[in-house]
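Please keep the sequence and the structure in view while reading.

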Amino acid sequence: MWFGDLVTMGGGTISGSTKALPRGWAPRSRRKFNPDWEVWLSKTTPRDPMRRSGIGKEAAMEGDARSITHPIQQPIKTEAEANSAFDDITYRKGMSFIRMIESFLGEDVFRDGIRKYIAAHKLSNTTTADLWNALAEASGKPVAEIAAAWTEQPGFPVVKVARDASGKITLTQERFTVHFDKASALEWKIPLTYEVRANRRRRAC
């Protein structure tokens, strides 16, 4: 109603980010009014320990780690391409990415950005860049720079943490794959939250 009719994506591109917005709003409401349900941990399919499926995003991660994957945002030229675009990566990975951005910006700031986006583009067509710009304007953070790698290229990273003898922490990333030996090496800008135990303060970077 809000993200498909009042504000509609321009033709030629299917964006899982904007398709995932309405899909993710129902769990947000359930989490707010029934936090004990732990909706983000719910299993939408039976768990199979051999195939990493069960929690919704795991089904998307399984496909995204293989050679059959595709970016969240992809150009559409034919009806057949449009029909094949609506899968776990479009919806579930898109929803997980939107949730990551919301966590990075904060719920109130994220909501302000969505309101700006709807107010600025109601009864018209938009691009994904319009959504990132609205969120960046509300937060003052480089949302478009973070979103580019997550939505315009396939796959996802594994972040490794190492600490040397002096206590220095080093973070590295690499693309996670399954049976995909010739996968392209890619990089992501990854919002991270860490906690310093000395003062129990949580920080985002």
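Is the crossing of α5 and α8 left-handed or right-handed? In this predicted model, α5 and α8 cross in a right-handed manner.

**The helix pair**

Helix α5 covers residues 88–105 and helix α8 covers residues 143–152. The two pack at an angle of about 155 degrees, and their axes lie 11 Å apart. Because angles over 145 degrees count as roughly antiparallel, α5 and α8 are described as roughly antiparallel to each other.

On the side of α5, the contact is made by Lys93, Phe97, Met100, Ile101, Phe104 and Leu105. On the side of α8, Val143, Ile146, Ala147, Trp150 and Thr151 take part. The residues of this contact divide into nine nonpolar, one polar and one charged.

Lys93 belongs to helix α5. Is Lys93 buried or exposed? Its relative accessible area is 9%, and because buried means under 20%, Lys93 counts as buried. The side chain of Lys93 reaches the backbone oxygen of Gly155 at 2.8 Å. Leaving aside residues up to four places away in sequence, Lys93 touches Ala60, Asp64, Ile72, Asp88, Trp150, Gln153, Pro154 and Gly155. Trp150, one of these, is also one of the residues that α8 brings to its contact with α5.

**Accessibility compared**

Thr90 is found in helix α5, whereas Asp108 lies in helix α6, which spans residues 107–121.

| Residue | Relative accessible area | Class |
|---|---|---|
| Lys93 | 9% | buried |
| Thr90 | 0% | buried |
| Asp108 | 54% | exposed |

Asp108 is classed as exposed because its relative accessible area of 54% is over 50%.

Thr90 and Thr151 are 61 residues apart along the chain, and their C-alpha atoms are separated by 9.5 Å. For Asp108 and Ala138, the separation is 30 residues in sequence and 9.7 Å in space, C-alpha to C-alpha.

**The chain as a whole**

The protein chain contains eight helices and ten strands. Of its 205 residues, 35% are buried. Among the contacts in the chain with a separation of 6 or more, 56% are between residues 24 or more positions apart.

Technical notes. Residues numbered from 1 in each chain as written. Predicted model: local features only at pLDDT ≥ 70, side-chain atom pairs only at ≥ 80, totals over all residues. Heavy atoms only, no water. Axes fitted to C-alpha atoms, helices over the stretch in contact; angles between N-to-C directions. Helix = DSSP H or I, 4+ residues; strand = E, 2+ residues; numbered from the N terminus. Parallel < 35°, antiparallel > 145°, perpendicular 65-115°, else oblique. Left-handed = near helix turned anticlockwise from the far one by under 90°. Contact = heavy atoms within 4.5 Å. Nonpolar A, V, L, I, M, F, W, Y, C, P; charged D, E, K, R; others polar. Buried < 20%, exposed > 50% of the residue type's maximum accessible area, 1.4 Å probe, protein only. Polar contact = N/O pair within 3.5 Å; in protein donor to acceptor, adjacent residues only side chain to side chain.
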